[in-house]
Amino acid sequence: MMNSTKATGAQALPLNTILSGDCVEVMNGLPEASVDLIFADPPYNLQLRGDLHRPEGSQVDAVDDAWDSFASFDAYDGFTRSWLTAARRVLKPGGAIWVIGSYHNIFRVGAMMQNAGFWILNDVVWRKTNPMPNFRGKRLTNAHETMIWASREEGARYTFNYEALKSLNDGLQMRSDWVLPICNGHERVKNDAGEKAHPTQKPESLLHRVLVGSSNPGDVVLDPFFGTGTTGAVAKMLGRDYIGIEREAAYRAVAEKRLAGVRRYDRDSLQVSVSRRAAPRIPFGQLIERGMLRPGEVLTSANGKSAAKVRADGTLVADGVNGSIHQVGAALEGAPSCNGWTYWCINRDGKRVPIDIFRQQIRAELAERPN
């Protein structure tokens, strides 16, 4: 299933495609430094010993598939080193990776990530609101899983949409403990027999938070353990391109059917909050050049106490003081600094309008331009 490609050097990147085969071999066949973000949900190596039953005797549908079975810890470690090495090769210098696991594997994975050169940014605890109970009553209920978020190397620049995550969290800084339900109900993907298609399907809410926080529209997101395609489904909705790798034909079939029914959100809906530092810099003089303000117009301070005249070169003059909107504002207030964008206003139709409105208008126009 291939929808598009993106040229990377002499190779084309197979976008919005589920690739068949061993994830290490497939990743080694992709162009180097071609992927913006990786979300990996590798086998957990649960080391189950026999069937698991509920107290009344019914059998628990636990993870006992062949893909989660390894002969030893050494075998699992070798597998982990191989796929992490391949994953780091395809990441762009500014790319990042998320790996999710449980207590069975995440500590081994974390150590090998550091050994491979990744730089750990956070470990995030996904606390499940509705975890499966411990039926044997011999241990604590496993109510969380751990995700490791890492950049490709120490000091690398990576995407972090801080303001967007803060907005998702009702205006509070996003913490490293995420309280979200497990995948169930209408979201659980079923096979043709009406049974759950995959034992460890992740909820879309988890991927939504990961992708909104650490990628941008148009980015390429790779999932080397694609399963039923949750990463691809959320990526498609959020305007990211995805590449999935899955060796199990049954999972690929379910994922393709699922993705065919996913629709991308409209362009305006994909925009997220950005920090003021991240927003493009707009010189005040651009407002003059574009006729939003005219030389000779008078600006007044938000408190109504000061006034200054606009000059053709984008400076202001007032009471013998001239300079930028920030310098003149600071001088009139007797302050060491001043944000002229919020300090100065213009009269429009009898109303005092902050000049920052014009700056935001230009920024919105820039955001609408195609890449």
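The charged end of Arg 88 sits over the ring of Phe 118. A charge counts as over a ring if NZ of Lys or CZ of Arg is within 6 Å of the ring centre and within 35 degrees of the ring normal. Arg 209 is placed over the ring of Trp 178 in this sense.

| Charged end | Ring | Distance to ring centre |
|---|---|---|
| Arg 88 | Phe 118 | 6.0 Å |
| Arg 209 | Trp 178 | 5.0 Å |

This is a predicted model: local features need pLDDT of at least 70, side-chain atom pairs count only at pLDDT 80 or more, and totals for chains, interfaces and linings use all residues. Residues are numbered from 1 along each chain as its sequence is written, and side-chain values use heavy atoms, with hydrogens and water left out.

**Rings**

Trp 178 also belongs to a cluster linked by ring pairs, together with Trp 98, Trp 149, Tyr 158, Phe 160 and Tyr 162. Rings of Phe, Tyr and Trp (its six-membered ring) pair if their centres lie within 6.5 Å; planes under 30 degrees apart count as stacked, over 60 as edge-to-face and the rest as tilted. The whole structure holds 11 aromatic pairs. Phe 226 and Tyr 242 are stacked, because their ring centres are 5.9 Å apart and their planes meet at 15°. This pair links distant parts of the chain, 16 residues apart: Phe 226 is in the loop between β9 (220-223) and α6 (230-237), Tyr 242 in strand β10.

**Sheet and helices**

The protein has 11 helices and 16 strands. These are DSSP runs numbered from the N terminus: helices are H or I with at least four residues, strands E with at least two. Eight of the strands form an open sheet with mixed pairing, in the order β3-β10-β9-β4-β5-β7-β6-β8. Two strands pair if DSSP finds at least two bridges between them. At the edges stand β3 (17-20) and β8 (177-180); each has a single partner strand, so one side of each lacks a neighbour in the sheet.

Inside the order, β5 (residues 91-101) and β7 (residues 144-151) pair in the antiparallel sense over 6 bridges. Ile 97 stands opposite Ala 150 in β7. Helix α3 (residues 106-116) lies across β5, β6 (119-128) and β7, at about 165° to β5. Axes are lines fitted to C-alpha atoms, for helices over the stretch in contact (heavy atoms within 4.5 Å). Angles run from 0 to 180 degrees between N-to-C directions.
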